[in-house]
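Biologist: Before we use any labels for this model, I would like to see what each one rests on. Please set every value against its definition.

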Amino acid sequence: MSKPAVVITSMPPRTQSYFDWLLTGLGVLQEEGRATLRFEDRWWNRALRAHPKVMAAAWRMGDDFVEFVSPMDAVCLTGRVELADKVVSFAMDVADAPFNFALGHLEAADLYFKCQCPKSFEPEGYPLNRHVRIPYHPEVFRLQEKIRPGMLGRPLAVGTNLKKNLRVLRQWESAAAPRKDVRIFASFAHDRGVKPRTSRDPLPSAFNYESENSLIKRWGDSIHHPNRKRERIVEMLRRMEKADVNARIWRTENAAVGGPMLSDAEYREMVGRAAVVVNVSGLRRSLPFRFMDAFMSGAAVATDTIGTRWPKPWESGTEIFEFGDLGYELDEEVDWKAVGKRFHEIYDWAGKSGEHFKVVQDLYRKKWAPQVYAGYVVDECLKTMEERS
């Protein structure tokens, strides 16, 4: 019986790390004899991916040069799945915006995997908070049957070398400590907000409708940036005065919440020791790869109300603990008392979790591991082939 062939036709070097998870999974499928993988994209893109130091050098040369070799508008990996004489094309969109779509790819591709996929497509638009909805382009509704939820895994070795990617993956998977001596771990890079766009600022990329600066300029009185809520969360966790709660912000003007920056190895070790890792939804309510860091290390994630979905549902109370509406909600409209109460409940649960890390890792292997995600992408393409027969 013939096996499906996955052909990658374009993959922007600028965002190559976002595709490590899919490519690693496809590489595993190829090793297991379940699919084949080949690349047909531009030779200079392959060269940049094969030698990450070249891309780093490009950044040092300046933003204009990076824009030339890898335009910001290229936020999608594109490819096709072939089986016998049948072909299905696909795109994988990694933009940090649930309401933005690469419309040319959405129109032309047979399937469109959206990593920040909205829970539902409501005619009123995407709910940034209780006051503001960002409209979808009309074509999103016309072509909605093509859209599938995608997901982001953590960057691995940043390239197409399967052995190197698997080596990094195993480091994370083996970080899970049987004894979770940190009940709650919260670590954020900074707590700065975003300034409103001015006429002196560089224009955003053409695809980047309602960029962060534009959102603040347009809706400044109706939204409050999620980064600003990190300070309140860390303050709340530190007020618990528990030795097994580790909460910090690396760059902040508030010494009461500040903490030293962790190296990659230190961060991985802390996640592995944690029963629960804290998240606050990021740019435009996007989900970070912080989720995958936790899951493959056997930790649950405590997060504000989730506004997107992955290919399979999360298990609330096992993988995910939501603690209320934060995101872009106005600070004065957040029920901070309820958030604090929820963190105490999560802390108590974390102290009783026992072998819970094994349950989370088992779910990761069944639902989120690279080869599972790659298999999902291939299977969705094969289903589309069958539907056309």
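Modeller: Start with F121, which has 11% relative accessibility and therefore counts as buried. Buried means under 20% relative accessible area, exposed over 50%, and partly exposed in between, with a 1.4 Å probe and protein chains only.

Biologist: What makes F121 and Y136 an aromatic pair, and why is the pair called tilted?

Modeller: Rings of Phe, Tyr and Trp (its six-membered ring) pair if their centres lie within 6.5 Å; planes under 30 degrees apart count as stacked, over 60 as edge-to-face and the rest as tilted. The centres of F121 and Y136 are 5.3 Å apart and their planes make 55°, so the pair is tilted.

Biologist: Which parts of the chain does the pair of F121 and Y136 link?

Modeller: F121 is in the loop between strand 6 and strand 7, and Y136 is in the loop between strand 8 (133-134) and helix 6 (138-142), 15 residues apart. Helices (H or I, at least four residues) and strands (E, at least two) are DSSP runs, numbered from the N terminus. Y136 is buried, as is F121.

Biologist: What is the source of the model, and which residues and atoms count?

Modeller: This is a predicted model, in which local features need pLDDT of at least 70 and side-chain atom pairs count only at pLDDT 80 or more, while totals for chains, interfaces and linings use all residues. Residues are numbered from 1 along each chain as its sequence is written, and side-chain values use heavy atoms, with hydrogens and water left out.

Biologist: How many aromatic pairs does the structure hold, and which residues form one cluster?

Modeller: There are 19 aromatic pairs in the structure. F101, Y112, F121, Y136 and F141 form one aromatic cluster.

Biologist: Why does F101 count as buried?

Modeller: F101 has 9% relative accessibility, so the residue counts as buried.

Biologist: How many helices and strands are there, and why is the protein called as compact as a globular protein of its length?

Modeller: The protein has 14 helices and 15 strands. Its radius of gyration is 21 Å, close to the 21 Å that the globule rule gives for 389 residues, so the protein is as compact as a globular protein of that length. The radius is taken over C-alpha atoms, and the rule is 2.2 Å times the number of residues to the power 0.38.

Biologist: What share of the residues counts as buried?

Modeller: Of the 389 residues, 56% count as buried. Along its principal axes the C-alpha trace spans about 65 × 50 × 45 Å.
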